[in-house]
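These are my notebook entries on a structure I had not examined before. I record what I looked up, topic by topic.

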Amino acid sequence: MAVLSVSLDAGRVDSIFATYLWRNEMREGIHRHFNTLLNLRPAPQLFNHPMTLFINPSKILHAMASLADGRAAASAVVAPMNLRKPAAGPFTASAAGGWNDPALNMEEGELKKVLQTVTGTRGAMQYIAKVGAPPERLDEIHALVEDVLKRAEQVFSLWIKDSEVNRINQAPRGQAIDLSEDMSVVLLAVDKLYDVTKGVYDPACSPLLQHYKQHLKQSLRGFDVTSVEQDPQAAAIALYAHWGSFILSKDGKTLTKAHDKAGLDLGGLAKGWAIDQCVAALRRAGFNDIFMEWGGDVHVAGMHPTGRPWSVRVMEPPSVHTLQNTVPTPAALGRQESLRRMTDSSGMGPVPRSPLLSGHAKDVFELQEAEAVLADRTASLGLGEEEARPELANIPLRDGASVTTSGDYMQVFWVGDKLIHHVFQSKTKRLMEVSSSGLAQASIVTEGSCMLADALATAALAMGAVPKEARAFLDAVSPRLGGTTVTDYLLYSREGPKVLRHRVRGSEGDVARDVRLSQHEPARVVVAGGGLAGFSAAIEAAKTGARVVLLEKEARVGGNSAKATSGINGWGTLPQARQGVMDEEKYFERDTCRSGKGGLCDPSLIRVLSTQSAEAVRWLMDDMGVDLDELSQLGGHAFKRTHRARPTPSGDPRPIGWLIMERVQAYVREKLPPDQIEIRTSARVVKLEMQEPQENGGSTTHVPAQKTVTGVTYEDMATHEIHTLEADAVVLTTGGYGCDLSSTSLLKEHRPDLLGSAHGGNGSSDLGMPSTNGAFATGDGVKLGLALGALTVDMDKVQLHPTSFVDPKDPVNPTKILGPEALRGSGGILINQEGRRFVNELDLRSVVSNAILTQCKPYVGAEGQVGNVYAWCVLNKEAQQNFGLSALRFYKDARGLFEAAKDFPTLAKDVIGCEPAALKATIEEYAQSAAIGVCLKTRKNAFPVPIAWTDTDLVAARVTPSIHYTMGGLRISAAAEVLEGAQMDRGNLYRKLRPVRRLFAAGEVTGGVHGANRLGGNSLLECVVFGRLAGGRAGTIKQRRPTCLEEEEWTPVTFREVLQTDFKYGVNTMVFRFHLHGALQQAGLAVGQFVAIRGELDGEWLQGFYSPLSRPDEEGYVEILCRTDTAGGQIINFLNAVRPGGECYLKAMGGLRLEFTGSQIFQGKREIKQLSLLAGGTGIAPMIQIVRAYLYHLVGAGAPENEPLPDPATSGVRLVYAAEREFDLAFTDTLQSIQRAYPAYFRHYVVLNKPPLGWTEGVGFVNADTARRHLYYPYEESAHQLFVICGPPVFEMVMCKMLGEIGVPQHAVFAYSNP
Ligand SMILES: Cc1cc2nc3c(=O)[nH]c(=O)nc-3n(C[C@H](O)[C@H](O)[C@H](O)COP(=O)(O)OP(=O)(O)OC[C@H]3O[C@@H](n4cnc5c(N)ncnc54)[C@H](O)[C@@H]3O)c2cc1C
């Protein structure tokens, strides 16, 4: 077995710090391989231990791949981007990680002037505080830290006789013990942790632990009792040795014991608490850059004064073998010392540690320290240099983060012949054994509290489970913590070894990304439209090195994006974790699909949207600097997942769309070189330039040439001059058509009912539906796409926003100001002109809009002017507070859109003009509904605020549905490519859709994401997710190589999408697609050649082999078909877990390799005319690929147009397809449709071993008779025959034998397992 762990070295510009560990059987092979592949220094020696190599980054992937190469398991641990110094080039200025070159080169003397280090020992553990401060403040820092740590001892140490914890432990049951503030904070945390970890974390197990320690003493005399099953006394203690024996008052101020002997050991938690307090105290004293570590637990603030993030290295735990050899046996230690070590390990007292830690009572080290510790370790253990460098990862820590590690090697004792460690497993009520297979070490990084990080590290270890289960435990627990959140973890198990990091679904490691992005030339990219989708695309394209021109037809960029008010959706985000929102993929996707029912919610697009949502929010927050900490739950959402900015300190709301657009523009201005993205305003794109069809590769096939975009033509709106811009790729981000009143109006074409007669629509009133959109929303991009034959989808799906304001001063203005979702989300209720509620205000926009249109009356102005149908949106005082008083002031006082009423009777009489009794009944009914949690009339089941008839100080606004968003638009692929119809679909040989080459689209100009109705907040999300995807694909379009995959090497690629194909290909089948590096790149595989796929799952590298379904000439992706049941093998677990954007590796393998020249088909040099196929079991994918490709070239769309079709008497394919039962058959429809379309060239015959009643084809096993009758037979050399067998090895062996027996020579037979 071999493991490669790779991390980026903070201090080096161009080297990667690679540590790889190997195990005996592989070492020589690996050694040889590395020596030939890499320039190694130092030359590795062969140890059965970890070692370090310095290698060139571009070679690391090859190294990893060759190392693993199917025979070994590999695990990569890669430090995040911001540990790296930015590469020279266009993005130097964009260093988001805060790198500061001059500071990095700071001399030691200079560093001392800005970094003060304080060390000491408390509770027998060393502490170190590093603070960015001038030397004269050193004493102050020391005093602050000492003060907190002393306080911690006084409260929590079991070693101080009159400490508070000792007083608690000695208190009798039933007595209410008053707690200090410090103890109260820690016990409230215990209460929460005990609850969320379901008792896995339990510091009240202390009495049982003490009891075991007595037994451990006996173990010196030969006993081995560490479990309740064998020890009745322990069983009795276990009854009260748990947190359930303590009753903590709700406010945490008093504690009562339910048992006299119940006791607490708060050591670990208190250590974390003290570290948190030290950092807080230092912050209060005005220090910003702090690194505080005590006994291996760390909490940081700010940055290291050199400008890099504080970071720690996590070391690899010692092996069981090493522990066995280094932990002294009781005999060696002597009885007294053994006893001391066993009994002294509790409650912030002296902690006996594994000698491996050589006096450093910790396992994570700040960067520079690590070197010293390693040297120390090396010396004390007499290890070679390579052995003593067991880093697992560099973990950079964000401002405020904490990290703690718990390992099974920290306090280790011999008990009989077992090595027992200090962690107590509450589930089994026993001390745990050091093991190879269980979790050996858990490092937890939290966004804040070190106290919680410590508890979780211990709890993860106490699970005693393999990393996978510990991961599940942490993933389940962390969202429940509330207030703090787990941002990363590293779980290590020796067997394998397995190293698991916090999984960000759909993400790609930095090394793989670097390799992927090193394969292309910089492209010229034109982005049409300057809203959020346009900027997201432009920035991402720029990041690939592209030069971008962004064209915007208005005088200013921003589009409708700048108008957005509610926010952007995302699940699994940091703000959600901070608020303990337990959202998940399945809920997000369900809500999106449910809302979109009735239109096309393309599952692939929704999966991309969902998987990348947290990354989109992170990108806006971290890279663009947008505050998105405020969360709300909009209508149709199961969770709070719409993110927007917090109000200003004075309470003024910050409009999120405007803020985002301001930040992305600032990013382009400040972080990118001036000419990387050129923004041209007042530049309206009027045409997409295309390559003339005859230039399109000189196509001579039956299929019209695939279209290729070569640039755009735009009009300068100021001078009316026309310009043409050539481009390698164009991204359309021109927004929707919600204000398209032009002569070529898309609204008129698809939704005339929404337009008034003034605009040529058939709307029932002259007015037509108002709109919240800007006048620029005229669907230009859709029309540009349509002009070259692109497909559109759901063009009639137009979303009405239920609450745009009717301005009483200008009631017939067709452009309306949006009344934010928050009006209803804050507790506003909708009332009609009769004073009645008529809808669940929090229902989908479509439902609320329709209800207003059918239940309310048109506005009639004082002068008789008739406006749109409207409802009253009424907010009481609490709802106004929730909505935000500043925001309300803006709409009410600055814009005059609200009326005020002192109470409900006044509202009825003077504002709404309805019967007070009717309104009273409505309000009382609402109050009753809120009390029981559901309104039986409208099914409302969330009541943001209580409302009562006696409420005062009310406000109410007239609201009306408006055109708000157009769900329809250009049809795109999961790679943001604009699609056109492939026009021919004869016999299932071709795709129904194919991309327009070099044309991408994102944002509101596209359709297929939102179906019939968009969920609030999903549009900004779509802009970022698909904008970045489109920009990335456009920027990488100029690949240096026409093909992507190699035979000798693993190529890192990203996962694109999965298609459920049960209905198409057979039960339990799915098609998995992988992005090739370039959108125009081909895989580089011949027909019949297969690929190897590998990916990491739960610390293990899984691998499988597949024949692609995609044809070799298809561009941008490769696709495979898999059985997703157990027949699919281990790799299917990885494929089921991977998400769009996730990292995978592909390698071209062997196989049949058919080559096509015109209509001639060759296998090597041999021409093939008559192809006989014998397929079964796992061989169905090559079967279908060969059949399709063969016929495609022979007689289908790939056949040359100017050549006559071949004679069916001499050319064609015959297939015998064997399966166990009918249920196992795949591709039945596909094969039948091919046979229907090309009966002269293709015949197939199915043989079932267990046929159903009524079966009329082959039965039993394929035999000579079947072959003679259904394949090309007898064999004739001059007929250019080839027999291909694809199936499991046994099937292939039997078939080979059978063909030989009927006279088919060996050279005319190809079998996959025995080529
Ligand atoms: C009032 C309002 C509030 C909203 N609130 C939210 C919200 O809170 N959350 C949410 O998710 N969504 C919200 N939406 C929807 C969302 O803002 C938009 O759907 C989304 O921002 C569209 O982004 P885009 O980049 O695709 O298009 P836009 O932001 O509209 O940008 C398109 C740009 O392209 C330009 N353009 C058009 N044609 C051409 C051409 N031929 N040549 C050059 N340039 C051209 C336009 O002038 C425009 O600047 C809201 C919409 C509105 C109207």
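**Entry 1: the ligand**

I began with the ligand and found one of its nitrogen atoms 3.1 Å from a polar backbone atom of Lys553. I note at the outset that the model is a predicted one. An oxygen atom of the ligand lies 2.7 Å from a polar backbone atom of Ser566. Which residues come nearest to the ligand? Of the 39 residues around it, I listed Glu552, Ser561, Ser566, Glu1004 and Ser1019 as the nearest.

**Entry 2: two packed helices**

I next looked up how helix H22, residues 613-623, meets helix H32, residues 1018-1035. Their axes are 9 Å apart, and the packing angle is about 95°. I therefore recorded H22 as roughly perpendicular to H32. On the H22 side, the contact is formed by Ser613, Glu615, Ala616, Trp619 and Leu620. On the H32 side, I found Leu1021, Val1024, Val1025 and Arg1028. I sorted the residues of this contact into six nonpolar, one polar and two charged.

**Entry 3: the eight-strand sheet**

I traced an open sheet of eight strands in the order S4-S5-S9-S10-S14-S18-S19-S20, and the pairing is antiparallel. Why is one side of S4 and of S20 left without a neighbour in the sheet? Strand S4 (115-122) and strand S20 (498-501) stand at the edges and have a single partner strand each, so one side of each has no neighbour there. From one strand to the next, the twist averages 10°.

Within this sheet I followed the pair formed by strand S18 (residues 439-446) and strand S19 (residues 486-493). The two run antiparallel and are joined by seven bridges. In one of the pairings I looked up, Thr446 has Val486 of S19 as its bridge partner.

I then asked which helices pack on the sheet. Helix H5 (residues 138-156) does so, touching S4, strand S5 (125-132) and strand S9 (290-294). The direction of H5 makes about 30° with that of S4. Helix H16 (residues 467-477) also packs on the sheet, where it touches S18, S19 and S20. The direction of H16 makes about 160° with that of S19.

**Entry 4: the three-strand sheet**

A further open sheet has three strands, ordered S15-S16-S17 with antiparallel pairing. I marked strand S15 (412-415) and strand S17 (430-433) as its edge strands, since each pairs on one side only. The twist here averages 55° from one strand to the next.

Four bridges join S15 to strand S16, residues 418-425. In this pairing, Val415 has Lys418 in S16 as its bridge partner. S16 is likewise joined to S17 by four bridges, and these two strands run antiparallel. I found His421 opposite Met432 in S17. The hairpin of S16 and S17 has four residues between the strands, and Lys429 in this hairpin takes a positive phi near 60°. I also noted that helix H15 (residues 450-462) lies across S16 and S17, running at about 125° to S16.

**Entry 5: another hairpin**

I went on to strand S28 (residues 709-716) and strand S29 (residues 722-726), which pair in the antiparallel sense over five bridges. Tyr714 has His723 in S29 as its bridge partner. Five residues lie between the strands of this hairpin, in which His720 takes a positive phi near 65°.

**Entry 6: backbone exceptions**

Most residues other than glycine have a negative phi, and most peptide bonds are trans. I kept this in mind for two further places. Arg998 has a positive phi of about 70° although it is not a glycine. I located Arg998 in strand S40, residues 993-1001. Which form, cis or trans, does the peptide bond from Tyr1273 to Pro1274 take? I found this bond to be cis, with omega near 0°. Pro1274 is in the loop between helix H37 (1264-1270) and strand S54 (1281-1286).

Key:
Residues are numbered from 1 along each chain as its sequence is written. This is a predicted model: local features need pLDDT of at least 70, side-chain atom pairs count only at pLDDT 80 or more; totals for chains, interfaces and linings use all residues. Side-chain values use heavy atoms; hydrogens and water are left out. Axes are lines fitted to C-alpha atoms, for helices over the stretch in contact, and angles run from 0 to 180 degrees between N-to-C directions. Angles under 35 degrees count as roughly parallel, over 145 as roughly antiparallel, 65 to 115 as roughly perpendicular and the rest as oblique. Contact means heavy atoms within 4.5 Å. Ala, Val, Leu, Ile, Met, Phe, Trp, Tyr, Cys and Pro count as nonpolar, Asp, Glu, Lys and Arg as charged, and the others, Gly among them, as polar. Two strands pair if DSSP finds at least two bridges between them. A residue is near a molecule or strand if one of its heavy atoms lies within 4 Å of it. A polar contact is a pair of N or O atoms within 3.5 Å; within protein, one must be able to donate a hydrogen and the other to accept it, and residues adjacent in sequence count only if both atoms are side-chain atoms.
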